[in-house]
Amino acid sequence: MPQHTPTSVLVTGGAGFIGSNFLLRMVPRHPGVRFVNLDLLTYAGNLLNLQAVEDAPNYAFVQGDIADADLVGGLFAAHGFSTVVHFAAESHVDRSILDPLAFVRTNVLGTATLLDAARQAWLAEGPPGDVRFHHVSTDEVFGALAPGDPPFSEVTPYDPHSPYSASKAGSDHLARAYFDTYGLPVVVSNCSNNYGPYQFPEKLVPLIIARAAALEPLPVYGKGENVRDWLHVEDHAAAIERILFAGETGETYCVGGGAERRNLEVVETLCDLVDEALGRPAGTARAGITFVTDRPGHDFRYAMDFSKLERELGWRPAHSFEDGMRDTVRWYLEHRDWLDAVMDASYRDYYERQYGGRG
């Protein structure tokens, strides 16, 4: 039986990678539910992601800052939200090293602003009705695993190592504090590395696909030995939908892809898939692999135990690593107009600063 039935949903960061994939899934599947997308449209947010739903009668877009208390409070008053699904975040570790305060402002202050707006809207007249605040977070809050360590789970202690993961840890703690202190109906989910359509090309998968297709150098940190668990974004959106409707308030759910791979293995797989898709000789793209200086505080391994989500809510990933990556390569090669639109001059300048002019 559903624990929650949304009627009017505030989706923050809905023009970003995971948020847009969530809306592309949810808007057509739930025509009786109103979805309001609040996004500041920073460099990683793009309304091109949402062309398939932009004219839907149950969807609306608002450009704005989640840390703007007046704006957020006004949206609660105007739309009577029953639900918040909070994606909006600064999320790139390299950028957090360069500009940590921007991450604190968005991820900590922004989350606190949203939580407090929900508290004022939902708890002012006593116990809340059927409302829910779903806070979307990351596996990086748990720190790093050594080879042979069991995967992260809902009871793993927090041990963040970068300004990004520390700011997300702070937002997780705030969400739980609002549940414990005020009784705000909060659910937290922590996910592993996402990949799939509409991901901004500073992240590994779209970056490698774009550069492998163009036969440009492919930067890999260190020796490429760091390990990540890879989750297709469509599987993540399906997990959030399931948690939103059937998860228990106050609970945390880990979402993983069950696909641990070394970074170098991911890059080589993508190179081979790009060569295959473009009809090139095997090994063509791999020739561009270039090892670059490792970033500070680079966690060695992440892995997620999603058995609680599978056991209690019946979710598991539908995409295998191989099929998901093949589909993703095909998508980016078929949507080069999207890549060209998002890889503007400001991004290229940033990329060149990060990788010593290799952009």
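Predicted model: local features only at pLDDT ≥ 70, side-chain atom pairs only at ≥ 80, totals over all residues.
**View 1. Helices H6 and H8 lie oblique to each other**. Residues are numbered from 1 along each chain as its sequence is written, and side-chain values use heavy atoms, with hydrogens and water left out. The axes of H6 and H8, lines fitted to C-alpha atoms over the stretch in contact, come within 9 Å and cross at roughly 45°. Contact (heavy atoms within 4.5 Å) involves residues including Val205 and Ile209 of H6 and Leu270 and Val274 of H8.

**View 2. The largest nonpolar core has 32 residues**. Such a core is a set of buried Ala, Val, Leu, Ile, Met, Phe, Trp, Tyr and Cys residues joined through side-chain atoms within 4.5 Å, where buried means under 20% relative accessible area with a 1.4 Å probe, protein chains only. Val205, Ile209, Trp230, Leu270 and Met325 have the most contacts inside this core, and H8 gives the most to it, with seven residues.

**View 3. Gln199 sits in the loop between strand S7 (193-195) and H6**. With 6% relative accessibility, Gln199 counts as buried. A polar atom of the Gln199 side chain lies 3.3 Å from the backbone oxygen of Asn194. Not counting residues up to four places away in sequence, Gln199 touches Phe17, Asn194, Val205, Pro206, Tyr332 and Trp338.

Notes
Buried < 20%, exposed > 50% of the residue type's maximum accessible area, 1.4 Å probe, protein only. Helix = DSSP H or I, 4+ residues; strand = E, 2+ residues; numbered from the N terminus. Polar contact = N/O pair within 3.5 Å; in protein donor to acceptor, adjacent residues only side chain to side chain. Axes fitted to C-alpha atoms, helices over the stretch in contact; angles between N-to-C directions. Parallel < 35°, antiparallel > 145°, perpendicular 65-115°, else oblique.
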